[in-house]
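This report describes the fold of a single protein chain, from its overall composition to selected residues. Please consult the sequence and the structure shown below while reading.

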Amino acid sequence: MYKNILIATDGSSLSARAVEHGTNLAKAVGATVLLLTVAERFHVFALEADQLGDTPASFREHMQKHAERTLAEASEIARKLGVDATTLHMEDAAPYQAIIRTAEGQRCDLIVMASHGRSGVSALFLGSETMKVLSHSKVPVLVVR
């Protein structure tokens, strides 16, 4: 059924659950896994707390270290389950677009992501990357809550 599963992770505990779920699914169906993390690019005029005091170089260094840690933790989950996994870190102004482009470019037949399950006004203002992937992807998406 699935041969190549993309699992998007941001390093959160919720994303770790998606990594576990996705790698267990991959093991059950004999699929390989692509673990992906996408960092937003540095913005000169930013409202995000992690960008307010940074320079572009320090922000990039911080994001690279975070991505390495995130992918190492996700890789360890896959390794313990005996699932073949590759990792990829990208920078993109629109993470959801990078996830979709990567899934299509790597010929993934499933995207696995986590969602906080927000609804109403908070979902509208927070602009969930998962919701954007769900809305725009031609590749099937499995959401772990």
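Val 29 belongs to helix α1, which covers residues 13–29. Between the C-alpha atoms of Val 29 and Met 1 the distance is 7.0 Å, although 28 residues separate the two in sequence.

## Overall composition

The model is predicted. Its chain contains six helices and five strands, and from the N terminus the elements follow the order β-α-β-α-α-β-α-β-α-α-β. Of the 145 residues in the chain, 37% are buried.

Among contacts between residues at least 6 apart in sequence, 76% join residues at least 24 apart.

## The sheet

The five strands form an open sheet in the order β3-β2-β1-β4-β5, with parallel pairing. Strands β3 (85–91) and β5 lie at the edges, each pairing on one side only. From one strand to the next, the twist averages 20°.

Five bridges connect β1 and β2 in the parallel sense, and Leu 6 stands opposite Leu 34 in β2. Helix α4 packs on the sheet and touches β1, β2, β3 and β4, its direction making about 155° with that of β2. Helix α6 (residues 129–136) also packs on the sheet, where α6 touches β4 and β5; its direction makes about 155° with that of β4.

## Strand β4

Strand β4 spans residues 110–114, and five of its five residues are buried. In a regular strand the side chains alternate between the two faces of the sheet. In β4, Leu 110, Val 112 and Ala 114 point one way, while Ile 111 and Met 113 point the other way.

Three bridges join β4 in parallel to β1 (residues 4–8), and Ile 111 is the bridge partner of Leu 6. Four bridges join β4, again in parallel, to β5 (residues 141–144); here Met 113 stands opposite Val 143.

## Nonpolar cores

The largest nonpolar core contains 18 residues, and those with the most contacts inside it are Ile 5, Ile 7, Ala 26, Val 33, Leu 35 and Val 112. Two or more residues come from each of β1, α1, β2 (32–39), α3 (56–81) and β4. Helix α1 gives the largest share, four residues. A second, separate core has 16 residues, including Leu 6, Ala 98, Ile 111 and Val 139.

Beyond its neighbours within four places in sequence, Val 33 is in contact with Ile 5, Ile 7, Thr 23, Ala 26, Val 83, Asp 84, Ala 85 and Thr 86.

## Arg 107

Arg 107 lies in the loop between α4 (95–105) and β4. Most residues other than glycine have a negative phi. Arg 107, which is not a glycine, has a positive phi of about 55°. Arg 107 counts as exposed because its relative accessibility is 73%, and exposed residues are those over 50%.

Methods: Residues numbered from 1 in each chain as written. Predicted model: local features only at pLDDT ≥ 70, side-chain atom pairs only at ≥ 80, totals over all residues. Heavy atoms only, no water. Buried < 20%, exposed > 50% of the residue type's maximum accessible area, 1.4 Å probe, protein only. Pairing = 2+ DSSP bridges. Contact = heavy atoms within 4.5 Å. Core = buried A, V, L, I, M, F, W, Y, C linked by side-chain atoms within 4.5 Å. Axes fitted to C-alpha atoms, helices over the stretch in contact; angles between N-to-C directions.
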